[in-house]
Amino acid sequence: MIQKALFGAGCFWGVEEHFRKINGIIKTEVGYSGGKTKNPTYESVCYENTDHAEVLLVDFDEDIISYENIVHEFWKCHDPTTLDRQGPDIGRQYRSVIYYFNEFQKEIAKHSKEKYQSYFKNMIVTEITKADTFYKAEDYHQKYIQKKSYL
């Protein structure tokens, strides 16, 4: 059965590149979520106070990969202990966040956060919150790294 997962882990380009290669991931889309502005653009998310995060929406086949394993990959692909930043990217749009679509996902995310805390010296600052509207990012952001052949 096809399910969805939504999260932010810094710049969405690298996060999408990480997830698109995983067996069981059917589709990836980068976009914006969690803010107060309708129909945000990349420019508004970066330069205005929209409060949106850069996010990745994945469709996955739960017969191939579990939501728990999706969340495991989330912890692996970024540093969840840095508040509103990943590496040189600084700002609220780069926050670490897991958006859940149902209570099952919420519980998996909460338990996973507790489990993974032991792997980090600093406290995990990842937010876990109910999924909000997903706004698909502009086409040039979709599969950006793959298009640019950086990897």
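The side chains of Lys-110 and Glu-107 form a salt bridge with N and O 3.8 Å apart, a salt bridge being a side-chain nitrogen of Lys or Arg within 4 Å of a carboxyl oxygen of Asp or Glu. The model is predicted, so that local features need pLDDT of at least 70 and side-chain atom pairs count only at pLDDT 80 or more, while totals for chains, interfaces and linings use all residues. Residues are numbered from 1 along each chain as its sequence is written, and side-chain values use heavy atoms, with hydrogens and water left out.

Both Lys-110 and Glu-107 belong to helix H4 (residues 103–117), where they stand 3 residues apart, about one turn of the helix; helices (H or I, at least four residues) and strands (E, at least two) are DSSP runs, numbered from the N terminus. Salt bridges that share partners also join Asp-51, Asp-84, Arg-92, Arg-95 and Glu-127 into one network, and the structure holds 11 salt bridges.

| Salt bridge | N to O distance |
|---|---|
| Lys-110 and Glu-107 | 3.8 Å |
| Lys-136 and Glu-29 | 3.4 Å |
| Glu-17 and Lys-21 | 3.3 Å |

Glu-29 is buried, at 15% relative accessible area, whereas Lys-136 is partly exposed at 45%; buried means under 20% relative accessible area, exposed over 50%, and partly exposed in between, with a 1.4 Å probe and protein chains only. In the pair of Glu-17 and Lys-21, Glu-17 is buried with a relative accessible area of 7%, while Lys-21 is exposed at 54%.

Helix H4 also packs against helix H3 (residues 67–76), at an angle of about 45 degrees and with the axes 10 Å apart; axes are lines fitted to C-alpha atoms, for helices over the stretch in contact, and angles run from 0 to 180 degrees between N-to-C directions. H3 and H4 are therefore oblique to each other, since angles under 35 degrees count as roughly parallel, over 145 as roughly antiparallel, 65 to 115 as roughly perpendicular and the rest as oblique. On the H3 side, the contact (heavy atoms within 4.5 Å) is made by residues including Tyr-67, Val-71 and Trp-75, and on the H4 side by residues including Phe-104, Ile-108 and Tyr-116.
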